[in-house]
Amino acid sequence: MRVVVLGAGFGGLELSTRLSEAAGDDLDIVLIDRGEGFVFGFSKLDVMFGKTLPSSVLHPFRDLDKPGLRFVRSTVRSIDPVAKRVGTDAGSYDADILVVALGADLDPSATPGLIEGGHEFYTVAGAFALREVLAGFAGGRVIVGVTSTPFKCPPAPSETALLLHDFLTERGIRDASEISLVMPLGVPIPPSPAASEALLAAFAERGINWYPDRLVDRLDPDRRVALLTDGTEMPYDLFLGVPAHRVPAVVEASGLAVDGWIPVNPLTLETAFPNVYAVGDVTSVGTPKAGVFAEGQAAVVADQILARLDGGSTPGTYDGHGTCFIEFGSDLVGRVEVTFLGGSAPVGKFEAPSAALAADKGEFGTSRIQRWFDRAWT
């Protein structure tokens, strides 16, 4: 049985690892991604704020070496979900089972003025480039702003504002600066009132301005002004934006997407096409677009595939559960455990920020690299 997996993010890496561990000798697993390697979302912030180097957080795909797994570095050019055929720059691949885990593409050009007058920190390249920009920043008005919905990792803009406070304080220019956070949400973490209260308290304690329930519509680079969807104009010296998210063009052209994203069975992650699954940010499954949810969905798809392989076991179904670490600055990390189930409001449990949870977050990262790449990450 050939399983072709498109995308080597959280979902693709977890799925490929589980399949290899359970049945590597009985499967032909083809994992396709155009990138050089994997980078955790939280690692982008570490590089951006000068805590580590890009080379320390990039985990090359060339290191993948697992039974039954072939990694192909190439760009996906076409997807035929009926024939389960994928066209790439490296050739075509026919699948018995196809799994789409290509994530969401980021489109800074969708926000007028963002490319000319601001910076985005959600792509690896954008975050890494900001390392030098922030190092040379002399202080002033900084806006951390979301430009559209949905967007990946909802806590990330709040984390960025708090880490920016620490960064400017350490450089001695916090008193000469102003930090504003523009979010489309009424509270920072809607599923967890306790987490939202803790973040709002942290904003107030650090003098971070909070602008909820609105988006940044566009930037005026000449005037150095951000224009919000409610008509507010905010002057800035440095703009850090969350760019618009889009389904990858190759997915849209394939006919898999409906209303912008791939609809799936929320329990099994099956698409409308037989033997075609989708996991992670590319779907409209109803959970936040975050790596931990893609990882949980990949585990379910692995169960589905393995049950077909042995013909006897009963596969599990997706429970919508995920755990998210939240940076509060000052080397303290909080944690939210949240469950999204169809037909009911999401339920979240919050653990207050601590140094112990910062260590847990570190273990979260190192354990995944050990599993996925079979090597230590120090």
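Tutor: Two strands pair if DSSP finds at least two bridges between them. Strands are DSSP runs of E with at least two residues, helices are runs of H or I with at least four, and both are numbered from the N terminus. Residues are numbered from 1 along each chain as its sequence is written, and side-chain values use heavy atoms, with hydrogens and water left out. This is a predicted model, where local features need pLDDT of at least 70 and side-chain atom pairs count only at pLDDT 80 or more, while totals for chains, interfaces and linings use all residues.

Student: Thanks! In which sense do strands β6 and β7 pair, parallel or antiparallel, and over how many bridges?
Tutor: Look at residues 76-80 for β6 and 85-88 for β7. D80 has R85 of β7 as its bridge partner. The pairing sense is antiparallel, and the number of bridges is 4.

Student: Which residue in the turn between β6 and β7 has a positive phi?
Tutor: The two strands make a hairpin, with 4 residues separating them. A phi of about 55 degrees is found in that turn, at K84.

Student: Which residue of β17 stands opposite A226?
Tutor: β16 covers residues 225-228 and is joined to β17 by 3 antiparallel bridges. In that pairing V225 stands opposite P235. A226 faces M234.

Student: And over how many bridges do β15 and β16 pair?
Tutor: L219 stands opposite A226 in β16. The two strands run in the antiparallel sense, and their bridges number 4.

Student: Which residue takes a positive phi in the hairpin of β16 and β17?
Tutor: For β15 and β16, the hairpin has 4 residues between the strands, and R224 takes a positive phi near 55 degrees. In the hairpin of β16 and β17, again with 4 residues between the strands, the phi is near 95 degrees and belongs to G231.

Student: Are the two faces of β16 covered or open, and which residues show that?
Tutor: In a regular strand the side chains alternate between the two faces of the sheet. Buried here means under 20% relative accessible area, with exposed over 50% and partly exposed in between (1.4 Å probe, protein chains only). Both faces are covered, as shown by buried V225 and L227 on one side and, on the other, A226 and L228.

Student: In the sheet of 5 strands, why is one side of β11 and of β14 left without a neighbour?
Tutor: This sheet is open and parallel, with the order β11-β18-β12-β13-β14. β11 (119-120) and β14 (209-211) are at its edges, so each has a single partner strand.

Student: Which residue of β18 stands opposite V144?
Tutor: β12 (residues 141-146) and β18 (residues 238-242) run parallel and are joined by 5 bridges. Within that pairing, V144 sits across from L240.

Student: Last one: how far apart are the end C-alpha atoms of helix α1?
Tutor: α1 (residues 10-23) has 14 residues, of which 11 are buried, including F10, L13 and L19. The expected span is 1.5 Å times one less than the number of residues. For α1 that gives 20 Å, which agrees with the separation of its end C-alpha atoms, 20 Å.
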